[in-house]
Amino acid sequence: MSAELMPYTIKDHPVTGVYNGKLGIWLFLASEVMLFGALFSTYILLRVTAPEIGPAKWPIGHEETHLSVFIGTLNTFILITSSVTMVLCWAALKKGQFDKGRALLVLTAVLGAVFLFIKLWFEYRTKFAHDLFPKTSTFYSIYYVITGLHGLHVLAGVVVMFYFAGPGSKLWKDDPDYFTNRIECTGLYWHFVDLVWIFVFPLLYLL
Amino acid sequence: MGTSHADIDKHVRAYIGVFISLAVLTAVTVAASHIEFGSHSTNIVVGMLIAAVKAGLVATIFMHLKWEKKIIYWVLVLCFVLFAVLMIVPGLTMITSMTVGGS
């Protein structure tokens with residue numbers, strides 16, 4: 001089977017001490033840190049070079065940004081909850097409880113989808129309706145780029161989780177340990193997406 | 001990291017603890033943003049410190065870094081150094097623009 005083609009999907013590699021998928025996802029996440037890091041760096045530069053008065057002034061707080069702190073906080077809670085359902089899914093699979101694990105995986109994916117729905121329907125749509133576009137200001141350009149890129153990451157996570165809850169779950173019957181490791185890697189990615197939001201939320205909505 | 005059922009149960013308790021901490025710290029961040037700490041810069045520092053604590057909890061417990069192998073730590077050390085460079089870049093840009101007389 002694929003075990004010969006892709007060794008160390010379950011057992012730890014003798015050189016690295018971890019299974020290959022885990023090293024792979026961490027290397028990928030390191031590159032993701034640089035991707036989002038470049039945008040945070042841009043955010044800092046745009047903010048500190050913004051004039052202190054006039055229309056190009058950096059907006060702070062709801063009155064100036066027109067961003068809803070309530071929606072931002074709600075979405076933060078949704079992502080935090082989805083992170084805990086994700087680790088609980090992995091813990092259930094580790095104990096051999098497939099049905100419970102799959103239910104938690106579906107719940108995680110649904111929470112991710114709810115986050116996206118709130119983002120698109122209650123935030124982007126109403127911003128567009130009030131003529132707030134990326135071209136509106138430097139604040140809005142970096143707001144749309146960071147939240148947009150983050151949203152794409154949420155979307156990718158939701159797709160992967162629905163895949164593993166649906167057709168991808170067949171792997172559990174053949175090789176439960178391999179499947180559990182894949183879920184751990186999916187979780188690592190998902191927590192990273194949560195981690196990025198932990199910084200995005202105060203930087204754009206609060207401070 | 002242990003993988004017996006008892007170990008997993010211990011993990012689950014840690015996960016719930018982190019979940020509660022994250023929820024509380026989110027409320028604290030929102031509340032702190034309404035307090036004026038003298039200057040707005042202080043508010044930014046407070047907000048970022050709380051975010052760093054939250055990120056630390058997610059990374060150590062949810063992402064299993066507390067129980068991880070050395071190679072993952074080395075990947076992250078390298079990543080952190082390069083990330084720090086990225087954060088310094090805006091500062092360098094400002095120093096350069098000041099020395100050449102820009103605004």
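**Figure 1. Where chain B meets chain A.** In this predicted model, the contact draws 39 residues from chain B and 37 residues from chain A; two residues touch if their C-beta atoms, placed from the backbone, lie within 7 Å. On the side of chain B that touches chain A, helix 1 (5-33), helix 2 (40-62) and helix 3 (70-99) of chain B each give two or more residues. Helix 3 of chain B gives the most, with 14 residues. Sorted by class, this side of chain B has 26 nonpolar, 10 polar and 3 charged residues. Here Ala, Val, Leu, Ile, Met, Phe, Trp, Tyr, Cys and Pro are nonpolar, Asp, Glu, Lys and Arg are charged, and the others, Gly among them, are polar.

Local features need pLDDT of at least 70 and side-chain atom pairs pLDDT 80 or more, while totals for chains, interfaces and linings use all residues. Residues are numbered from 1 along each chain as its sequence is written, and chains are lettered from A in the order in which they are written.

**Figure 2. Chain B on its own.** Chain B has 3 helices and 0 strands, where helices (H or I, at least four residues) and strands (E, at least two) are DSSP runs numbered from the N terminus. Its C-alpha atoms fill a box of roughly 65 × 40 × 10 Å along the principal axes.

**Figure 3. Helix 1 of chain B and what it packs against.** Helix 1 of chain B runs for 29 residues and reaches 42 Å from its first C-alpha to its last, close to the expected 42 Å (1.5 Å times one less than the number of residues). Its buried residues include H11(B), Y15(B), V18(B), F19(B) and L22(B). Buried means 20 or more other C-beta atoms within 10 Å, exposed 12 or fewer, and partly exposed in between, with C-beta atoms placed from the backbone. The buried residues of this helix pack against helix 4 (69-94) and helix 8 (176-206) of chain A, together with helix 2 of chain B.

**Figure 4. Two residues with positive phi.** Most residues other than glycine have a negative phi. Y8(A), not a glycine, has a positive phi of about 60°, and sits in the loop between helix 1 (2-5) and helix 2 (20-48) of chain A. Y8(A) is partly exposed, with 17 other C-beta atoms within 10 Å. H64(B) has a positive phi near 60° and lies in the loop between helix 2 and helix 3 of chain B. With 19 C-beta neighbours inside 10 Å, H64(B) counts as partly exposed.
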